[in-house]
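Hi,

Here is the structure I promised to pass on. Have a look at it first, and my notes follow below.

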Amino acid sequence: MDDILERFEAEVKRGVMQVAVMCLLQRERYGYDIIRSLKEAGIGVEEGTLYPILRRLEDERILSSRWVTEGPRPRKYYVITEYGKEIRGKLLASLKSISRAIEILEKGMNGAD
Amino acid sequence: MIDSIIDGYIGEVTKEMGVSQRGEVAKELRTHILDSAEALAAERNVAVDEGIVREVIERMGPAEKIAAMYPSRETFLKKSQMWKAIQALAGIAVAFLVIGALLSLVAPGQVDVPVHTILMVVSALALAIVVISAIFMAIYLYESRLKATYEERLKRLNKSLSDLTSPLKVALTIISIVFWLAIINLLWQRIPFLIDLQDGRMISLFTPEFGGFLPYINLLGACTIVAELLFVLIRQKWVPAVIESALDVGNSLLVAWIYLSFPFSPEFTPLIAAMIKVVLILIALGFLIGAAQKLWKAAQLFIHGGLESSKAI
């Protein structure tokens, strides 16, 4: 049962994480900074999984990036693109609608009990 | 030690990636691991050590899982469908050949013109495959070599130099030279060859005149064995590399001499004789290319002064 729960949670989290990342990247941030902010927001993730997501979003032109070489080590900064903002708006609306639908279903479920 | 732990993990994540993606992902992950390790160490009021780095890496997740999550960057070669083009051309060539064979079988002697046309089409297709393959190779070399990072190139250089001077490679080369010399000395008079493509009769490949070349072949073989042994015995590895380069030039000249003397059976048809000449030219060219490569290796070995110093660059 734990396995099923873990897999299910991972699937949901992966989808939610993409939207969360898009929200966080309203301003420029680098990987470690994004993970810290996600944790503060209560979205705990395996840290390594963030980078493939960033890469994918960048490939899809939702994010843009640049390397900053000043400082102790080079950092890749990401920010959401205009196209990404459009997608983010639609995704947030979709998430909210799903959340409302789940709420209704849950109420119905409790009522039936 | 910390570096090797980080390198090991990053290497696992990036091992299947293309050169350009690999470099960028490695840089980003390394920065993350170091950032995270510093933050964790500061939180605990300790210095960054192996334990902290291992803990951070554990939090990152299994390398295979992270690697699988990365989008696969399509290279130009994959995107351009060149393999499919070559496969299609080869398929058409085979289809034509089958048709030609069937026509010859069903109506022998009466279908010369179609068979001739088919052979021409197949030759054109073969040429197209060669040209596409050449383009393919050039792009491959560009993608895999020129776009490599400095570290990658250095690693490759070290590997190529250590391969050249490894005892295993030396042993294998010596065994193959001894085997080749044994075959050519003992069996050269009995090597069979098709007298004609249509006839199917076999005759001896060489005339007795070929025996005159054997001392030179043996001398070059023996010198190559000595040069190979020098790779293991002396520190200045560039010396045997230069000797091998010179021996390749010698081999090329010997093949050119064989080409001019042509100690092959006079019974061969002009077509077979022409094919043998083409093969000899290709072998001579191969030796010349080999000589240039070995000279280049000799220069690398001379500049880097052996593997230890090149590793330290």
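In chain B, 67% of the contacts with a separation of 6 or more are between residues 24 or more positions apart. Bear in mind that this is a predicted model. Chain B has 13 helices and two strands, and buried residues make up 15% of its 313 residues.

B:Val255 counts as buried because it has 21 C-beta neighbours inside 10 Å, the cut-off being 20 or more. Leaving aside neighbours within four places in sequence, B:Val255 is in contact with B:Leu280, B:Ile283, B:Ala284 and B:Phe287. For B:Phe287, the separation from B:Val255 is 32 residues in sequence and 9.1 Å in space, C-alpha to C-alpha.

Now a helix pair, also in chain B. The axes of α9(B) (residues 167-187) and α10(B) (residues 214-233) come within 9 Å and cross at roughly 170 degrees. Angles over 145 degrees count as roughly antiparallel, and that is why α9(B) is described as roughly antiparallel to α10(B). Among the residues that meet there are B:Ile174, B:Ile177, B:Trp180 and B:Leu181 from α9(B), and B:Gly221, B:Ile225, B:Glu228 and B:Phe231 from α10(B). By class, this contact has 13 nonpolar, five polar and one charged residues.

On to where the two chains meet. Here 15 residues of chain A are in contact with 16 residues of chain B. On the chain A side, α2 (31-40), α3 (50-59) and β3 (75-80) each supply at least two residues, and α3(A) gives the most, with five. What is the make-up of that side by class? It has four nonpolar, three polar and eight charged residues.

The largest nonpolar core has 28 residues. Those with the most contacts inside this core are A:Val21, A:Leu50, A:Leu54, A:Leu63 and B:Val56. Two or more residues each come from α1 (2-24), α2, α3 and β3 of chain A, together with α1 (2-14), α2 (19-43) and α3 (50-60) of chain B.

In α2(A), the residues A:Gly31, A:Ile34 and A:Ile35 are buried. Seen down the axis of α2(A), the buried residues fall within an arc of 100 degrees, so they line one face of the helix. They pack against α1, β1 (29-30), α3 and β3 of chain A, together with α2 of chain B. After α2(A) comes A:Gly42, whose phi is positive, near 90 degrees.

In α3(B), the buried residues are B:Ile52, B:Val53, B:Val56, B:Ile57 and B:Met60. These fall within an arc of 135 degrees seen down the axis of α3(B), so they too line one face of their helix. In general, an α-helix has 3.6 residues a turn, so residues three or four places apart point the same way. On the other side of α3(B), B:Gly51 and B:Glu58 are exposed. The buried residues of α3(B) pack against α1, α2 and α4 (63-69) of chain B. B:Gly61 follows α3(B), and its phi is positive, near 105 degrees.

Cheers

Definitions and conventions: Residues numbered from 1 in each chain as written. Chains lettered and ligands numbered in written order. Predicted model: local features only at pLDDT ≥ 70, side-chain atom pairs only at ≥ 80, totals over all residues. Contact = placed C-beta atoms within 7 Å. Helix = DSSP H or I, 4+ residues; strand = E, 2+ residues; numbered from the N terminus. Nonpolar A, V, L, I, M, F, W, Y, C, P; charged D, E, K, R; others polar. Core = buried A, V, L, I, M, F, W, Y, C linked by C-beta atoms within 7 Å. Buried ≥ 20, exposed ≤ 12 C-beta atoms within 10 Å, placed from the backbone. Axes fitted to C-alpha atoms, helices over the stretch in contact; angles between N-to-C directions. Parallel < 35°, antiparallel > 145°, perpendicular 65-115°, else oblique. Arc of directions from axis to C-beta.
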